[in-house]
Amino acid sequence: MDIERLVAMANDIATFFASEPDSQAGAEQVENHLRRFWEPRMRTAICRHLSEGGAGLSPLALRGVERLAEWRR
Amino acid sequence: MYSIDHRDLGTPASTATEEVTLEIDGRRVEVPAGTSIMRAAALAGTQIPKLCATDTLDAFGSCRLCLVEIEGRRGFPASCTTTVTPGMKVRTESPQLLKLRRGVLDLYLSDHPLACETCPADGHCELQSVAAELGVTECSLPSGGATQRGAAADVSNPYFAFDPDTCITCSRCVRACRDVQGTFALSIEGRGFESRVAASQRESFLGSECVSCGACVEACPTAALTEKSRIVQGAPSRVVTTTCAYCGVGCSLKAETNDTGVVRMVPDRAGAANHGHACVKGRFAYGYATHADRVLHPMIRERITDPWREVSWDEALGRAASEFRRIQSAHGPGAVGGITSSRCTNEETFLVQKFVRAALHTNNVDTCARVCHSPTGYGLKSTLGESAGTQNFASVMHADVIVVIGANPTDGHPVFGSQMKRRLRQGAKLIVVDPRAIDIVRSAHVAADVHLQLRPGTNVAMINALAHVVVTEGLASDAYAEARCEVDSWRRWKAFVAEPRNSPEATEAITSVPARLTREAARLYAAGPNSAIYYGLGVTEHSQGSTMVMGIANLAMATGNLGHEGVGVSPLRGQNNVQGSCDMGSFPHEFSGYRHVSDASTRALFENAWQVPLSGEPGLRIPNMFEAALDGSFRGLYVQGEDFVQSDPNTRHVVAALSAMECVVLQDLFLNETSHYAHVFLPGSSFLEKDGTFTNAERRISRVRKVMEPLAGLADWEITLRLAQALGYPMHYGHPAEIMQEIASLTPTFRGVSYEKLDRLGSIQWPCNDAAPEGTPTMHVGAFVRGKGRFIVTEYVATPERTTSRYPLLLTTGRVLFQYNVGAQTRRTANLAWQSEDRLEIHPDDAESRGVGDGEWVGLSSRTGDTVMRAMLSKRMTPGVVYTTFHFPESDANVVTTEYSDWATNCPEYKVTAVEVARLGNPDAWRTRKRDERAARTRPANPVA
């Protein structure tokens with residue numbers, strides 16, 4: 001999967017959930033969205049990208065992907 | 001002439017609930033107050049002679065044939081214009097009435113050819129029938145008087161002819177055009193004996209404003225307006241009621257056939273979606289079904305550069321199955337997937353997703369709704385709790401304020417557009433939110449009260465500004481919102497939209513809409529009292545498509561405009577079965593009825609029914625499949641009725657992905673653009689060749705009935721069965737009714753649906769279950785499906801697609817009345833007479849600054865690609881915005897659109913592409929280059945060995 005594309009998608013999702021009352025809730029929503037709508041190989045790719053530093057992920061997207069990686073473990 | 005099995009009742013039904021009792025020819029009759037004597041008599045079994053009356057039009061009272069006698073009343077009142085009163089005693093027959101009627105008829109016949117045996121209406125002509133009924137066999141008046149006879153016929157319209165010779169000037173055509181269609185193209189010109197039916201200003205029918213809906217043809221009592229197919233093929237003898245396969249209105253149609261095939265389509269007057277109306281596509285443009293381009297034999301090839309080879313069904317299906325198994329053995333179950341079609345039936349889409357999940361053991365299934373209304377599903381489910389529109393179409397007749405956002409109903413959903421225009425002519429207010437001045441903004445006897453001509457890509461800023469006015473000016477329905485919605489979400493949303501940055505004055509810089517117009521629209525919407533929102537792809541096909549759908553739902557909840565007739569949030573679905581394909585579990589993350597695959601109890605239900613373990617992980621969406629194909633992890637695809645190469649954005653990207661796959665199995669009527677990248681071609685069947693159901697934009701499930709046998713031998717559902725069998729997963733169904741039984745058993749919202757009930761009721765709006773055994777016309781009555789409605793904060797985020805000095809214009813795309821989607825159907829009909837190419841609509845100022853004249857070839861370029869098409873100068877555009885359609889593969893419109901998509905659903909942002917338009921110095925060279933590029937992309941051009 002094109003990681004740049006996945007990073008852009010994750011950032012778009014995070015941008016929407018940035019309006020949640022607090023960043024914890026926002027990160028939860030990002031994680032939940034990735035779990036519900038992203039196919040496993042997409043989740044694997046974004047988690048691998050996170051493990052390599054997560055370049056390009058916005059702060060909220062990064063926290064959401066961190067939660068996703070934690071859930072996968 | 002109306003359908004051959006229609007029994008006309010003369011005047012429309014009364015909507016009154018109070019009953020009136022009267023006596024007709026000595027028989028006691030009880031009918032609703034306001035019913036005409038003519039209709040009351042017809043309901044009691046007595047057909048009063050008539051010529052100017054028909055039950056889709058208000059009584060006119062001009063032909064004077066329907067005279068009756070009423071006890072205690074002088075004279076002979078017309079039964080069509082006289083309504084019943086309690087105790088009234090009516091005589092429909094008497095020597096005096098017969099004499100009067102024969103006298104009137106004599107006058108008609110004196111100016112009418114009496115060559116019935118050579119007339120195309122012979123046997124179904126109302127004048128002929130009345131003459132027979134009254135015992136008149138010839139005209140008693142002397143010949144040689146003034147006559148209208150001899151005028152030339154107008155055969156300009158490709159579908160029907162107008163023969164003034166047989167016209168009796170009853171005005172039914174004029175009234176149908178005015179009252180049913182709302183186009184006002186026809187009129188009666190001249191007075192007295194000089195009266196003539198005229199199209200526009202004495203123009204030909206084709207050259208006039210006529211939109212060829214055919215309402216006039218159906219209303220005509222004689223052969224004056226007749227379908228050319230009836231003239232050529234002769235009278236029909238059989239009728240099959242089915243459902244149109246074009247847009248999401250889902251008109252009920254009667255296919256009239258004889259030994260030559262389908263003679264004509266006539267809208268079903270009992271059709272609950274269309275009430276006896278149709279458009280040029282549904283009524284006339286069905287010829288594609290028997291077009292010479294239809295592929296009638298399965299075909300295979302090793303490589304996409306090879307020629308096709310015709311093979312047996314077994315060999316083609318065997319090849320597809322063995323390839324899918326080979327790919328899965330080498331690369332895992334997730335290396336393949338399937339696409340269901342919004343043009344196929346519910347039963348067929350259900351089978352394809354079942355095939356993918358159960359036979360291929362993956363959730364990699366998606367549908368073309370991905371690229372149109374997937375944000376509707378996400379947005380409405382999140383806020384209201386159900387992924388569907390809230391109303392029926394008839395609800396619009398109770399609306400006081402109609403808001404049309406990013407939809408073009410008169411072109412895209414013409415039958416509903418006509419109904420909407422009827423309500424507007426009755427006085428409802430209209431707000432249009434659209435970058436273009438679409439027809440409904442100003443057309444005959446209809447004008448928008450407010451047109452918010454916003455800049456493409458700024459919908460969310462606009463909906464927030466409307467909400468800002470509602471909240472800050474105290475126009476919200478606080479009591480409704482607090483009682484029906486989550487209070488915390490309501491308060492949070494109120495505080496958000498009330499922020500000054502969401503005011504019309506602040507957002508004017510974003511939307512380009514003057515703040516006073518935004519305020520005016522918001523006040524109008526909030527004042528209602530019944531305000532209804534209708535929206536289309538101009539809402540969904542944006543990077544904030546889902547956000548905008550939520551914004552619309554927020555506004556409706558905030559003003560109490562949900563849960564009863566006349567209000568609501570109604571997505572106008574593009575294709576005939578977009579709603580159905582979504583309902584049937586076509587999305588990769590959910591089963592039928594919108595239940596997530598990770599839900600263990602739902603999954604167990606399906607596993608038990610299908611006797612196979614199912615994955616609880618979401619599958620790939622269409623754009624994800626393309627990405628996975630490019631990285632080598634997705635290699636096989638079963639495509640039911642879809643043409644990605646023409647319809648999906650960024651054509652080069654799509655082509656690269658398809659070219660990377662090892663086995664693309666395409667099931668379609670024609671060798672479309674995608675077929676250039678297919679390895680197996682399975683010839684599909686049109687809607688005329690199968691049984692099933694479609695679900696329209698108002699959740700209405702309607703029967704599709706087989707009119708003729710599948711030309712290639714198998715209906716689409718049978719092909720999927722055979723493919724599953726070849727893969728070792730037999731599915732046992734003898735008829736689509738059995739598939740619907742399974743759908744009903746597994747889907748709570750369809751629990752009460754069966755073919756028996758559909759035949760009995762005509763159609764059913766889901767949810768249909770124990771709580772609503774005959775369906776649900778209006779949703780969210782009393783409470784939202786999710787319990788409490790949820791307001792969601794909708795922050796405006798500008799699309800990443802920005803204009804630059806290199807690409808200073810914004811392109812938005814859509815469709816026109818006479819063509820449909822990728823044009824696979826309409827391009828193979830005479831609709832080409834109205835539009836035979838895609839054109840670029842551009843404001844005259846933008847054209848002038850580029851030296852572009854009307855009709856000249858221009859280059860259209862974006863950062864993803866370029867193409868050429870002819871310019872059409874139009875003041876419907878706002879400067880800085882251009883528009884085109886994607887009906888013709890030659891135009892390559894999607895070569896220029898981008899991969900940006902909705903954040904939640906990946907629905908592409910077709911509506912915002914930064915482009916430049918340039919006059920072509922050497923158009924021929926450009927066109928040759930584009931033709932060569934396209935040829936290279938599609939080589940070899942599908943030759944059959």
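Reader: What percentage of the 73 residues of chain A count as buried?

Author: In this predicted model, 48% of the 73 residues of chain A count as buried.

Reader: What makes chain A agree with a compact globule?

Author: The radius of gyration decides. With 73 residues, a compact globule would have a value near 11 Å, and chain A has 11 Å, so the two agree. The C-alpha atoms of chain A fill a box of roughly 30 × 25 × 20 Å along the principal axes.

Reader: Which secondary structure does chain A hold?

Author: Chain A has 4 helices and 0 strands. Along the sequence the pattern reads α-α-α-α. Of its contacts with a separation of 6 or more, 70% are between residues 24 or more positions apart.

Reader: How do you know that chain A is in contact with chain B?

Author: Two residues are in contact if their C-beta atoms lie within 7 Å. By that test, 15 residues of chain A are in contact with 17 residues of chain B. On the chain A side, helix 1 (3-17), helix 2 (23-37) and helix 3 (40-51) each give two or more residues. Helix 1 of chain A supplies the largest share, 5 residues. The chain A side divides into 7 nonpolar, 2 polar and 6 charged residues.

Reader: Now chain B. How do you know that its radius of gyration agrees with a compact globule?

Author: The rule for 945 residues gives a value near 30 Å; chain B has 29 Å, so it agrees. Its C-alpha atoms fill a box of roughly 90 × 70 × 65 Å along the principal axes. Of the 945 residues of chain B, 58% count as buried. The secondary structure comes to 29 helices and 36 strands.

Reader: Into which domains is chain B divided?

Author: The assignment gives domain 1 (19-133), domain 2 (160-290), domain 3 (299-372 + 577-735), domain 4 (374-571) and domain 5 (809-938). The C-alpha centres of domain 1 and domain 3 of chain B lie 55 Å apart.

Reader: Why is strand 25 of chain B called largely enclosed?

Author: Set the count against the cut-off. Buried takes 20 or more other C-beta atoms within 10 Å. In strand 25 (residues 636-640) of chain B, 5 of the 5 residues are buried, so the strand is largely enclosed by the rest of the structure. Both faces are covered: B:Gly636, B:Tyr638 and B:Gln640 on one side, B:Leu637 and B:Val639 on the other.

Reader: How do you know that strand 25 of chain B pairs with strand 26 of chain B?

Author: Pairing needs at least two bridges. Strand 25 and strand 26 (residues 663-668) of chain B are joined by 5 bridges and run parallel. Here B:Gly636 stands opposite B:Cys663. Strand 14 (residues 336-340) of chain B also runs parallel to strand 25 of chain B, with 4 bridges. There, B:Ile339 has B:Val639 as its bridge partner.

Reader: What makes strand 20 and strand 22 of chain B edge strands?

Author: Take the sheet first. In chain B, 5 strands form an open sheet in the order 20-17-16-21-22, with parallel pairing. Strand 20 (450-452) and strand 22 (569-571) of chain B each pair on one side only. The twist averages 15° from one strand to the next. Within this sheet, strand 16 (residues 401-405) and strand 17 (residues 429-433) of chain B share 5 bridges. One facing pair is B:Val401 and B:Lys429.

Technical notes. Residues are numbered from 1 along each chain as its sequence is written. Chains are lettered from A and ligands numbered from 1 in the order in which they are written. This is a predicted model: local features need pLDDT of at least 70, side-chain atom pairs count only at pLDDT 80 or more; totals for chains, interfaces and linings use all residues. Ala, Val, Leu, Ile, Met, Phe, Trp, Tyr, Cys and Pro count as nonpolar, Asp, Glu, Lys and Arg as charged, and the others, Gly among them, as polar. The radius of gyration is taken over C-alpha atoms; the globule rule is 2.2 Å times the number of residues to the power 0.38. A residue is buried if 20 or more other C-beta atoms lie within 10 Å of its own, exposed if 12 or fewer, and partly exposed in between; C-beta atoms are placed from the backbone. Axes are lines fitted to C-alpha atoms, for helices over the stretch in contact, and angles run from 0 to 180 degrees between N-to-C directions. Domain bounds come from an automatic or database domain assignment.
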